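Thanks for coming. I have one model to go through today, and I will keep it short.

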Amino acid sequence: MQSFIALVRKDLMLEWRQKHTLFSVLLYVGSTVFVVYLMAGQPESKVWNALFWITQLFVATNAVAKSFLQEPAHRFRYYYTLVKPTTFFLAKMTYSVLLMMVLSLMGLALFALLLGWPLVQGGLFVLVSFTGSLSLSVVFTFLSAIAARAQQNAALMAILGFPLVAPLLLMLSRLAMTALEPVYMPGWWNLALILLALDVLVVFLGLILFPYLWQE
């Protein structure tokens, strides 16, 4: 547990000291929302929802996917002498989830400021956005771990990520519609449970696969 906390703290301190990733993502979100506002004003709720999740996808790609890719190969060997592979993997995933949740809140604030607030149930949408941050962080951290051990091949992450992220975004967009519609939409609990089950499955696969990848 001490090693896990130390690794998460190390990544958070590096992120705070460098700040370039955080500010670049914020600049991307702000410029995207502003351009959409200039071109379309305040769109209807379904378009607003689609734009939000597309923005979240690119935020996760730029901010979370680098978690393993930014580590050089010799540093992996150094970490291998200090901590267990599963501890290292879980620490990276926890850091990515925390970072993605913060960026999701900032993106939601920018959307509300420039594109309006079409949400009927704001609290529910924030909960769904946190669930989406968790899902996107888990998937992209898992893909980043695979790509980092495949000679830093970022293209591999994009190839593997599309069949995983596409249905994930569709489920998140449909789940978020419960916060946009004034009427009750049955079955959304089942969709939320499917998302959480998918996250658990990805974490479980990562815990099994990453120790073998690290030995390469």
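First, the ground rules. This is a predicted model, where local features need pLDDT of at least 70, side-chain atom pairs count only at pLDDT 80 or more, and totals for chains, interfaces and linings use all residues. Residues are numbered from 1 along each chain as its sequence is written, and side-chain values use heavy atoms, with hydrogens and water left out.

Now the fold. The protein chain has nine helices and zero strands; here helices are DSSP runs of H or I with at least four residues, strands are runs of E with at least two, and both are numbered from the N terminus. Of the 216 residues in the protein chain, 45% are buried, meaning under 20% relative accessible area with a 1.4 Å probe, protein chains only, while exposed is over 50% and partly exposed lies in between. The accessible surface is about 11300 Å², and carbon and sulfur atoms hold 71% of that; the areas come from the Shrake-Rupley method with a 1.4 Å probe. Among contacts with a separation of 6 or more, 84% are between residues 24 or more positions apart, where contact means heavy atoms within 4.5 Å.

Next, the helix pair. How do α1 and α6 pack? Helix α1, residues 2-18, and helix α6, residues 85-115, pack at an angle of about 45 degrees with their axes 9 Å apart. Axes are lines fitted to C-alpha atoms over the stretch in contact, and angles run from 0 to 180 degrees between N-to-C directions. The two helices are therefore oblique to each other; under 35 degrees would be roughly parallel, over 145 roughly antiparallel, 65 to 115 roughly perpendicular, and the rest is oblique. On the α1 side the contact includes F4, L7 and V8, and on the α6 side it includes F88, L90 and Y95.

Finally, two residues. L180 sits in the loop between α8 (154-176) and α9 (188-214). Is L180 buried or exposed? L180 counts as buried because its relative accessibility is 5%. Leaving aside neighbours within four places in sequence, L180 contacts S45, N49, P118, L119 and V120. L180 and N49 are 131 residues apart in sequence, and 8.4 Å apart C-alpha to C-alpha.

M171 is in helix α8. M171 has a relative accessible area of 17%, so M171 is buried.
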